Amino acid sequence: MRRTPIHGMLMAGAKHPQPTDSKPSTSRKCFSAGLTRTIMSDNFICIIPRDPWFIPDRRAQIQARRLFQQFAPQAYQITTSVTDAPIFVDAGVNFESVACPRCHQELDTWWHTIMDRTAPQQVPDLTIVTPCCGATLSLNGLRYEWPCGFARFTLEAQNPDIVMLSVSQMRELEGLLDCKLRQILVHI
Ligand SMILES: [Zn+2]
């Protein structure tokens, strides 16, 4: 993945690639004392509302966390977090490309420039006009491959030991959190 400074800044604000409140999973997964975290990798399933500003109520967050625990009982840990403004949750090395959802033009270079501009903003302005077809959209609405997104609320499982949540599991979480959700598969 091509990382830009903005990306680093956003990532520092997010929980990837270095979860701030997470215990290093490598202590459990590491079978060789000589290995360090820098050469290990972690997988996360990160669930975010499709609306970047939406924060589920506190009780629903706790219930959703418990339900996710049932879906991924082998997960190293499952956490929720809330930020003051939307942060970019990216797919780590799974990130491949970004494109216009209207005309499908690949927008990687332009997108990095826009993200650089957005990074210093305390409250990011997610509204953009695409250079390809002039569509007024949200940065959150671009076509990310693999899925990424902006969110104030995240629910994530570290090393969940499952590939991903099923459609029906996502629906259950959506019912609890009272919002449509996006599933981001993060590999770092
Ligand atoms: Zn376009």
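This is a predicted model: local features need pLDDT of at least 70, side-chain atom pairs count only at pLDDT 80 or more; totals for chains, interfaces and linings use all residues.
Among contacts in the protein chain between residues at least 6 apart in sequence, those that join residues at least 24 apart make up 82%. The chain has 188 residues, of which 31% count as buried.

Let me set out the elements. The protein chain contains five helices and eight strands. Read from the N terminus, their order is α-α-β-α-β-β-α-β-β-β-β-α-β.

I turn to the sheet. Four strands form an open sheet, ordered β2-β7-β1-β8, with antiparallel pairing. Its edge strands are β2 and β8, each of which pairs on one side only. From one strand to the next, the twist averages 25°. Two helices pack on this sheet. The helix α3 touches β2 and β7, and its direction makes about 130° with that of β2. The helix α5 touches β1 and β8, and its direction makes about 120° with that of β8.

How many bridges join β1 to β8? There are seven, and the two strands run antiparallel. One of the residues concerned is Ile 48, whose bridge partner in β8 is Arg 182. Towards β7, β1 is joined by four bridges, again in an antiparallel arrangement. On that side, Cys 46 has Glu 156 of β7 as its bridge partner, and Phe 44 has Gln 158 of β7.

Are the residues of β1 buried or exposed? Seven of its seven residues are buried, and the strand is mostly covered. In a regular strand, the side chains alternate between the two faces of the sheet. In β1, Asn 43, Ile 45, Ile 47 and Pro 49 point one way, while Phe 44, Cys 46 and Ile 48 point the other way; both sets are buried.

This brings me to the core. In soluble globular proteins, nonpolar side chains tend to be buried together. Here the largest nonpolar core has 37 residues. Which residues have the most contacts inside it? They are Cys 46, Ile 47, Ile 48, Val 89, Cys 148, Ala 157 and Ile 184. At least two residues of this core come from each of β1 (43–49), α3 (58–71), β2 (77–89), α4 (108–118), β7 (149–158), α5 (167–177) and β8 (181–187).

Take Ile 184 as an example. If its neighbours within four places in sequence are left aside, Ile 184 is in contact with Cys 46, Ile 48, Val 89, Ala 91, Pro 147, Cys 148 and Gly 149.

Leu 173, Leu 176 and Leu 177 of α5 are buried. Why do these residues lie on the same side of α5? They do so because they cover an arc of only 90° around the axis. The buried residues of α5 pack against β1, α3 and β8. On the face turned away from the buried side, α5 carries the exposed residues Val 167, Ser 168 and Gly 175.

Finally, some backbone geometry. Most residues other than glycine have a negative phi, and most peptide bonds are trans.

Just after α5, Asp 178 takes a positive phi of about 60°. Asp 178 lies in the loop between α5 and β8. Asp 178 counts as exposed because it has 12 C-beta neighbours inside 10 Å, and the cut-off for exposed is 12 or fewer.

His 104 lies in the loop between β3 (97–99) and α4. Is His 104 buried or exposed? It is exposed, with 11 other C-beta atoms within 10 Å.

From Glu 145 to Trp 146 the bond is cis, with omega near -5°. Trp 146 is found in the loop between β6 (143–145) and β7.

Terms used: Residues are numbered from 1 along each chain as its sequence is written. A nonpolar core is a set of buried Ala, Val, Leu, Ile, Met, Phe, Trp, Tyr and Cys residues joined through C-beta atoms within 7 Å. A residue is buried if 20 or more other C-beta atoms lie within 10 Å of its own, exposed if 12 or fewer, and partly exposed in between; C-beta atoms are placed from the backbone. Two residues are in contact if their C-beta atoms, placed from the backbone, lie within 7 Å. Two strands pair if DSSP finds at least two bridges between them. Axes are lines fitted to C-alpha atoms, for helices over the stretch in contact, and angles run from 0 to 180 degrees between N-to-C directions. The arc is that of the directions from the helix axis to the C-beta atoms.
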